[in-house]
Amino acid sequence: GYAHWHKEMEISIIREGEGKSIVNNEISYVGAGDVVLVSKENIHYMKSDSNMSVDTIVFDMDLLSNPSYDYTQVNFFNPLFDKKMKMVTCIKHDQPKCQEIIAILDKIMAANDEKYFGYQLEVKGLFYQLFFILFNQNYISKIEEKSAKSIQKQVSIRNVLNYIIENYNKEITTEKLAKIAGYSEYHFIRFFK
């Protein structure tokens, strides 16, 4: 695949074969039974030399939002949405609870395919079970200061690339790109070198 990003979260189950998953320049070698997690707005793609078979779920994190700001919203989801927590990009097949995670994802896909009455309730409940495991097993954890700077760099790269994509047919100056990235022109040139 090609490098891209979107506002939804993406979770993939590697069913067969092997390859590489690249999320924000973090490379994971993946194979059958592994799960790849891509937080919203993370630049990502997969490469495979073999016949890799993958099932992917893409969903809007707003599905998990609770407007009442209850305990789970304030202590788990808001910090995740605000990028104060980080998620691992790959759970290997032999890591704790991986098989349980895959079972939940399979149920979500089956419910979404069948669309029986009330399936939305089941899907939402399954996503909460999934995120319980991710938090409980420390697959999602607090970000240390160094990682926070790394996330800001990813946002800067994304903003600059978006501007270039939308304005490729116009004159684009380093001064303008530096302003979009939130850097001085000098630091922008050093950073993007």
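The model is predicted, so to speak of local features takes pLDDT of at least 70, side-chain atom pairs count only at pLDDT 80 or more, and totals for chains, interfaces and linings use all residues. Residues are numbered from 1 along each chain as its sequence is written, and side-chain values use heavy atoms, with hydrogens and water left out.

**Helix α2**
- α2 covers residues 98-114; helices here are DSSP runs of H or I with at least four residues, strands are E runs of at least two, and both are numbered from the N terminus.
- Its 17 residues reach 24 Å from first C-alpha to last, close to the 24 Å expected at 1.5 Å a residue (1.5 Å times one less than the number of residues).
- Among the buried residues of α2 are Cys98, Ile101 and Leu105 (buried is under 20% relative accessible area, exposed over 50%, partly exposed in between, with a 1.4 Å probe and protein chains only).

**Salt bridges**
- The count comes to six, taking a side-chain nitrogen of Lys or Arg within 4 Å of a carboxyl oxygen of Asp or Glu.
- Arg15 pairs with Asp106, their closest N and O atoms 2.5 Å apart; this links strand β1 to helix α2 across 91 residues.
- Asp106 is partly exposed, at 30% relative accessible area.
- Lys92 and Asp34 form another, at 2.7 Å between the closest N and O atoms.
- Lys92 counts as partly exposed at 28%, while Asp34 is buried at 1%.
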